[in-house]
Amino acid sequence: MWLDLKNKYFTQAMPVMSELVDKGFEAYFVGGCVRDLLLDDPIHDIDIATSARPEEIQAIFPSTIDVGAEHGTIIVLYQQQPYEITTFRTEGKYSDYRRPDSVEFVRDLKEDTLRRDFTINAMACDLDGKLYDYHGGFADLELGLIRAVGDPSARFQEDALRMMRAVRFASKLGFKIERATFSAIQSLSELITKIAIERIRIEMDKFLIGDYFFKTYLSLQETGLIVYLPGFSNPVAGQALADLAQDLKPMIENDMDRPLPLVWALLLGHLGLDTGACKKMLRAWTHSNQMISETLEIIEFLQEESRGQLNAWSIYQYSDLTVERCLSYLQVHGVDTHDYLTIWQNLPIKNRQEIVMDGRCLMAYLQMDQGGPIIGRLLQQVEKAIVQGELMNQEEAIKEFIDQYQD
Ligand code: ATP
Ligand code: MG
């Protein structure tokens, strides 16, 4: 079978492949890009597999980044684009359910595909578009099946993360997990505890934002993986995922972005956790501080909205990003956001720096030599009055306001 490599990601990568082939090595597009091309799904990166060893790759290309030469992976920068190039390899024994004890470079594509996780991820194609499909990946694409390459139990015992990957590819593609692969996960699910949470999080995030999440969210429970995930041994976790699926469905149907802070905020909301517990859970999942603060802000915004407490002052205090994300979420759920939008768009100021008088001006006006808490408090009263439309952002008006406030 031949693939049409007209897509710009492939055409841009052609010279990289040609360089390798011209030097006498084999080179193939592999994994996700081949799968996504066959599915006519958007392609976001190109992975290349080659018979060239890492040092041979480095000798051919002037600009490379060594991201794991001992495992055979080099990033080549070509016309400002990064390409991950991996030497054909097999993996030695796995004694920790995570990483092979050793890898061995081989010169043959077929052997390399044996170490890949699922049949649909184990296809390759050459420069001319010829497809190499040693494990029935194309048939599984047509059947909509996630099937382990080789014996599923053995593959999950080698690397337990693959169990989470099965669930996330199901959510991304709307596929079913093939029966033997599924029962192997059910039997081995506890092994997921051997995997670093950072790696699980990457798959969990992709699972949650998958285009078919609302169809496949149950897989986390049915495979038994859910109880081993931080914060999900909670008896309401299954229901929380079901509720999240309902939240996300209209967003997916409307082809809307599902930013991770919003998705986690909704999920934590359904788990019924207070702010402290939300923070703890996000930390346990090793989310970044930025991600945590964006998520908590969204939780707070949505709670305030549901209590009918949103007003100019509260909307003003949220970041634009949070307001934007929450309003588009509420809108797609049929909430009338018109008034909120009007308030937000007509806020007299966007931040404290826009007030025409700053702390220094206030001190000068009050003939004070030193600042202190009183200036902070006064400034906040001024800010609040301006935001609520009770005070004009003009020097004279502010001075008058201060005179009255002091009386
Ligand atoms: P995505 O489009 O979501 O990035 P992908 O298929 O490119 O999907 P990656 O996680 O980027 O997924 O992995 C690239 C390829 O490497 C996979 O297609 C698969 O062939 C192989 N692979 C990645 N992780 C594993 C693993 N844990 N075990 C075996 N093979 C893996
Ligand atoms: Mg990828």
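The model is predicted, so to speak of local features a pLDDT of at least 70 is needed and side-chain atom pairs count only at pLDDT 80 or more, while totals for chains, interfaces and linings use all residues. Residues are numbered from 1 along each chain as its sequence is written, and side-chain values use heavy atoms, with hydrogens and water left out.

Let us start with the salt bridges, of which the structure holds 22; the term stands for a side-chain nitrogen of Lys or Arg within 4 Å of a carboxyl oxygen of Asp or Glu. One of them joins aspartate 117 and arginine 165, with N to O at 2.6 Å. This pair links distant parts of the chain, 48 residues apart: aspartate 117 is in the loop between helix H4 (109-113) and S8, and arginine 165 is in helix H7 (residues 161-173). Helices (H or I, at least four residues) and strands (E, at least two) are DSSP runs, numbered from the N terminus. Aspartate 117 is buried at 9% relative accessibility, whereas arginine 165 is partly exposed at 21%; buried means under 20% relative accessible area, exposed over 50%, and partly exposed in between (1.4 Å probe, protein chains only).

Next comes a network of salt bridges that links Arg89, Glu91, Arg155, Glu158 and Arg162. Within helix H6 (residues 152-158), arginine 155 and glutamate 158 sit three residues apart, about one turn of the helix, and their side chains meet at 2.9 Å, N to O. Glutamate 158 also forms a salt bridge with arginine 162, where the closest N and O atoms are 2.7 Å apart. Arginine 155 is buried at 6% and arginine 162 at 5%, while glutamate 158 is partly exposed at 22%.

Now turn to aspartate 126, in the loop between strand S8 (124-125) and strand S9 (131-132). Aspartate 126 is buried yet has no salt bridge, and the nearest side chain of opposite charge, lysine 130, is 6.0 Å away. (Lys and Arg count as positive, Asp and Glu as negative; His and the chain ends are not counted.) The side chain of aspartate 126 does reach the backbone nitrogen of lysine 130, at 2.9 Å.

Finally, look at lysine 399 in helix H21 (residues 395-406). Lysine 399 is buried, with a relative accessible area of 17%. The C-alpha atoms of lysine 399 and leucine 362 are 8.3 Å apart, although 37 residues separate them along the chain.

Methods: Chains lettered and ligands numbered in written order. Polar contact = N/O pair within 3.5 Å; in protein donor to acceptor, adjacent residues only side chain to side chain.
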